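I opened a new notebook page for this protein.

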Amino acid sequence: MRISIFGLGYVGAVSCGCLADLGHEIIGCDVSQAKVDLINAGKPPIVEDGLDVLLQNAIKNKKLRATIDPEDAVRNSEVALVCVGTPSTRSGGVNSVYLETVAAQIGEIVRKLNIPQFVVMTRSTSLPHVHAQMVAILEKTTGRAMGKGIGYVCHPEFLREGIAVEDFYNPPKVVFGATDAVTETLCRRMYPESIKAPTFYVKPDVAAMIKYADNCFHALKVTFGNEIGMMCKVLGVDSHAVMDVFCADQKLNISPKYLKPGFAYGGSCLPKDLRAICDKARETATPVPMLGGMLQSNKDQIDQLIKRVVSESRPKVGVIGLAFKEGTDDVRESPIVACVEVFCGKGHPVKVYDEHLSPQALVGANRSFAFQAVPHLSELMCGKLQEVVDWADVLVVTHRLKPETWAAVKWKSGQRVLDLVNIAGLRAAPGYDGLYW
Ligand SMILES: NC(=O)c1ccc[n+]([C@@H]2O[C@H](COP(=O)([O-])OP(=O)(O)OC[C@H]3O[C@@H](n4cnc5c(N)ncnc54)[C@H](O)[C@@H]3O)[C@@H](O)[C@H]2O)c1
């Protein structure tokens, strides 16, 4: 492929060396004459292990050159890889001015030179609305619609500085978010089969958010390790001995478990144990804002759900699943119990269905928690799912139940079905409303 690379910094320079090494014809473009000169001399404008040899070979094999002239770059390529910076604005937002400048430049050149087919692929990190803006700029400047002679791809980059060259050949994943099918076809020609990585073709906004989810998660992991480390230190425990075993658990800890968006956590362990650690942190004046913030964040989840359900018209609320998770009758610190308490307090008629729960069978702490929050719980419980569905204006679904159970349900028209657990079989229900999807 003939690829122009806009921006010859950390991402662009590595892309130049590695894509040329794969056999593509590369033309780098930067506003900095110094960086352009370095690339043309086969020298890396940045420090990155292995890049010097790749650039020297690329220049020697005439697979790479660089220019300061964007018209030269666009004229001699079929796809532009945009790797310009996206620094923070004063408020912390994405400064998209370099991206937008490049999109406008490319669009105008494509129109001026009447290039029949061109694709812009952004590697820079930016939020979904910036990519939408890039698409709008390209459509306006070229006078074409996406898929009709112009295409756009959000192609986030996941390489780590210092080992970026190694990561390029062994990426954790490859993600393409193309605007249309024609453009997606071009993406498939980009990397050879020797680069073995799970490859995902998604929508541009999804591709953009994957990068942010990744980086937020990496920051969370570092912060989590450090806060647990601080607590270990004040308690006189070796944090590495703890985290070595923590990381060895690939079933519950280092795994997809607990990571899919859904409702607040609850139960007899998570809130209690988090409170215990936070209490010890306060007592020892150990700042653990992330661990403490998790208690507040969970409370916010509950408040947000209540706001989405409660209204002045006081709709009848049916709750499907009261225990803190499905497959149990444990209601201790179940977040949905807290919601039921508020729904009742605000005058909403409430009915509850829980396949494993009968108030008469509740004993001990389980019973006292449930009845303390909702003293008339027995009156709200209903033995049949269909009865709750027939009665409610809003259904709040917190448990998955069996697919055949949902398939047998007859929905009421005009009803709202608020799904907190992402049940595939429920999405077709009239009035379906996913919690965060
Ligand atoms: N550095 C990383 O490891 C890394 C990893 C993943 C994603 N990213 C993202 O990739 C993007 C680039 O990061 P970077 O670290 O390579 O940035 P950088 O600042 O090192 O390089 C950006 C380059 O773009 C050039 N540039 C600016 N305007 C231009 C224009 N109109 N035409 C041509 N070139 C222009 C600049 O001169 C500079 O050389 C950012 O969005 C960043 O968040 C970076």
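My entries follow in the order I made them.

**Ground rules.** I am working from a predicted model, where local features need pLDDT of at least 70, side-chain atom pairs count only at pLDDT 80 or more, and totals for chains, interfaces and linings use all residues. I number residues from 1 along each chain as its sequence is written.

**Overall.** I looked up the secondary structure and found 17 helices and 13 strands. These are DSSP runs numbered from the N terminus, helices being H or I of at least four residues and strands E of at least two. The C-alpha atoms fill a box of roughly 80 × 60 × 40 Å along the principal axes. Of the 437 residues, 34% count as buried. Buried means that 20 or more other C-beta atoms, placed from the backbone, lie within 10 Å of the residue's own.

**Cores.** Which residues touch the most other members of the largest nonpolar core? I found Phe-6, Cys-16 and Val-82, in a core of 63 residues. Such a core is a set of buried Ala, Val, Leu, Ile, Met, Phe, Trp, Tyr and Cys residues joined through C-beta atoms within 7 Å. Helix H1 (residues 10-21) gives the most to this core, with eight residues. I then noted a second, separate core of 36 residues, which includes Leu-305, Leu-322, Val-350 and Val-388.

**Sheet.** In what order do the eight strands of the open sheet lie? I read E3-E2-E1-E4-E5-E6-E7-E8, with mixed pairing. Two strands pair if DSSP finds at least two bridges between them. Strand E3 (64-67) and strand E8 (199-202) are the edges, each pairing on one side only. The twist averages 25 degrees from one strand to the next. Angles run from 0 to 180 degrees between N-to-C directions, with axes fitted to C-alpha atoms, for helices over the stretch in contact.

I checked one pair. Strand E6 (residues 150-154) and strand E7 (residues 174-178) run antiparallel and are joined by two bridges. Val-153 has Ala-178 in E7 as its bridge partner.

**Ligand.** I counted 25 residues around the ligand, and Gly-7, Gly-9, Val-11, Thr-86 and Ser-124 come nearest. A residue is near if its C-beta atom, placed from the backbone, lies within 6 Å. H1 and helix H5 (97-112) are the elements that give two or more residues to this shell.

Conventions:
A residue is buried if 20 or more other C-beta atoms lie within 10 Å of its own, exposed if 12 or fewer, and partly exposed in between; C-beta atoms are placed from the backbone.
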